[in-house]
Amino acid sequence: MEISINKISDCQVSLSATVPASDVAAAKDSILAAYSKSVRLPGFRPGKAPKSVIAKRYASDVNEELEMRLKSDIQDKCLEQNPDLKVLDFGTPEGTIAEDGSYTLTATLTVVPEFELPEYMGIEVTVPSTEVADSEIDETLQKFAESSAKHEPVERASAKGDIVVVDFKTTCEGKPTAEYCGKSVGFLEGREDYWVSLQDERFIPELAEGLEGVSAGDSKDIVAKLKEDFPISDLAGKEVTFSCVVKEVREKQVPAVTEELFAAALPGKTMEEIRDIVRENLKSSKERSNDEAKADQISEKLADQLSFALPSDLVERENENTVQRKLYAAIQAGNYDAAKDMDAVREEAKAETERNLRVYFALQEIARREMITASDAEMLNAISNMAQQAREKNLKSFIRKLQRENRMTGIRLSIITSKVIDLLARNAKVTVEEAK
């Protein structure tokens, strides 16, 4: 196998490779031998079908597997012959089988630019204490009790913290809301037996405020001015009148924190034992949170010391992912205007993208120096988890799909990155804040 590497820029090199016809034939023969053992053809005993018959019957599958194998072998050989070549992406290789049976491949590789790696062992980080105070246990137990609370009907006027059960219809400018909009408006057309929380009603806060002090049997009109960014554009900024008939006032009744409250989840446990379990769970949660905090601080401190040029196409591609993530987070937080100035969003995201990429490259360089790799078992475990999440039952087919999409390298790098972060966290200089 002949491999040639030529520099295009600080971030790109060209790859040219030729696999002799004899090696191509040997690889194909190996694939056919594997097929011969596993496939069943009418008229032939298992494992006895001629390779020529198999090659014709499964030509498409065999040729696809042959090309994937040749590409994988070339990539492995390329890295073996060029140990200092830090390949980020093998691009989209183009391969052809010549008339003489040899295989040639060309590709443009994206490589990590040269940079000086800062000191990475002994990075100083600060994390809170993992001690669990009795007050935290009390709070956790009380939250469980709150989640088990029931709302029971009461014969009195409603107050903060109650649930008011109403039938309601709405109007806008004197017309039924659906008629005003000329289309269905869902919830705003009205509801029967609708529960309004007087504690945390956020969608229409005026509704909760207007229902304080009412009793069962009361009728009341409540005017709510909808927000300018209300999801139904025809009603944005409009006043909508809720005509309510109060059916019930329900009071929140929280059970006492006793062994009986936890009997279903922790049968036979005393309160002391329950408190010990809660303490251990809270401590584990704090430890996990601290692990994340260490990783974040290590990444930030590495980023502060890194400054070098990045592949522009990679920055552009990754920046779109950052932009989408920021928009989604903004919408989740209720900021529906986030997408109005996309240029500003992209510019803000770009700085974050470049910072993250530099840290990522630094972590890969640390992995190289510390000889951290991803084993076949770790790769298989990661891919199996991915297949399970994607509900892919045929693992072999799923692996082929990942190979076709050139995702195997990314999976391997992800595993390595995680292992490097673990190494840096174990060797960090940790300052633990006193528990408050």
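This is a dialogue on reading features of a predicted model.

Trainee: What should I know before starting?

Mentor: In this predicted model, residues are numbered from 1 along each chain as its sequence is written, and side-chain values use heavy atoms, leaving out hydrogens and water. Local features need pLDDT of at least 70 and side-chain atom pairs count only at pLDDT 80 or more, while totals for chains, interfaces and linings use all residues.

Trainee: How do I read burial, and is Leu 66 buried or exposed?

Mentor: Buried means under 20% relative accessible area, exposed over 50%, and partly exposed in between, using a 1.4 Å probe and protein chains only. Leu 66 has 3% relative accessibility, so Leu 66 counts as buried. Leu 66 lies in helix α3, residues 59–81. Helices (H or I, at least four residues) and strands (E, at least two) are DSSP runs, numbered from the N terminus.

Trainee: Which residues does Leu 66 touch?

Mentor: Contact means heavy atoms within 4.5 Å. Not counting residues up to four places away in sequence, Leu 66 touches Val 24, Ala 27, Lys 28, Ile 31 and Ile 97.

Trainee: Where does Arg 250 lie, and what does its side chain reach?

Mentor: Arg 250 lies in strand β12, residues 239–253. A polar contact is a pair of N or O atoms within 3.5 Å; within protein, one must be able to donate a hydrogen and the other to accept it, and residues adjacent in sequence count only if both atoms are side-chain atoms. The side chains of Arg 250 and Glu 248 are joined by such a contact of 2.9 Å. Arg 250 counts as buried because its relative accessibility is 17%.

Trainee: How do I read strand pairing, and which strands does β8 join?

Mentor: Two strands pair if DSSP finds at least two bridges between them. Strand β8 covers residues 163–172, and seven of its ten residues are buried. Nine bridges join β8 to β12, and the two run antiparallel; here Val 164 has Val 249 as its bridge partner. Five bridges link β8 with β10 (residues 191–197), also antiparallel, and Val 166 has Tyr 194 as its partner there. Two bridges join β8 to β9 (residues 175–176), again antiparallel, with Thr 171 opposite Pro 176.

Trainee: What is a nonpolar core, and how many residues has the largest?

Mentor: A nonpolar core is a set of buried Ala, Val, Leu, Ile, Met, Phe, Trp, Tyr and Cys residues joined through side-chain atoms within 4.5 Å. The largest has 40 residues, and those with the most contacts inside it include Phe 115, Phe 361 and Val 420. Among the elements giving two or more residues to this core are α7 (271–303) and α9 (342–369). Helix α12 gives the most, with eight residues. A second, separate core has 27 residues, including Ala 27 and Leu 70.
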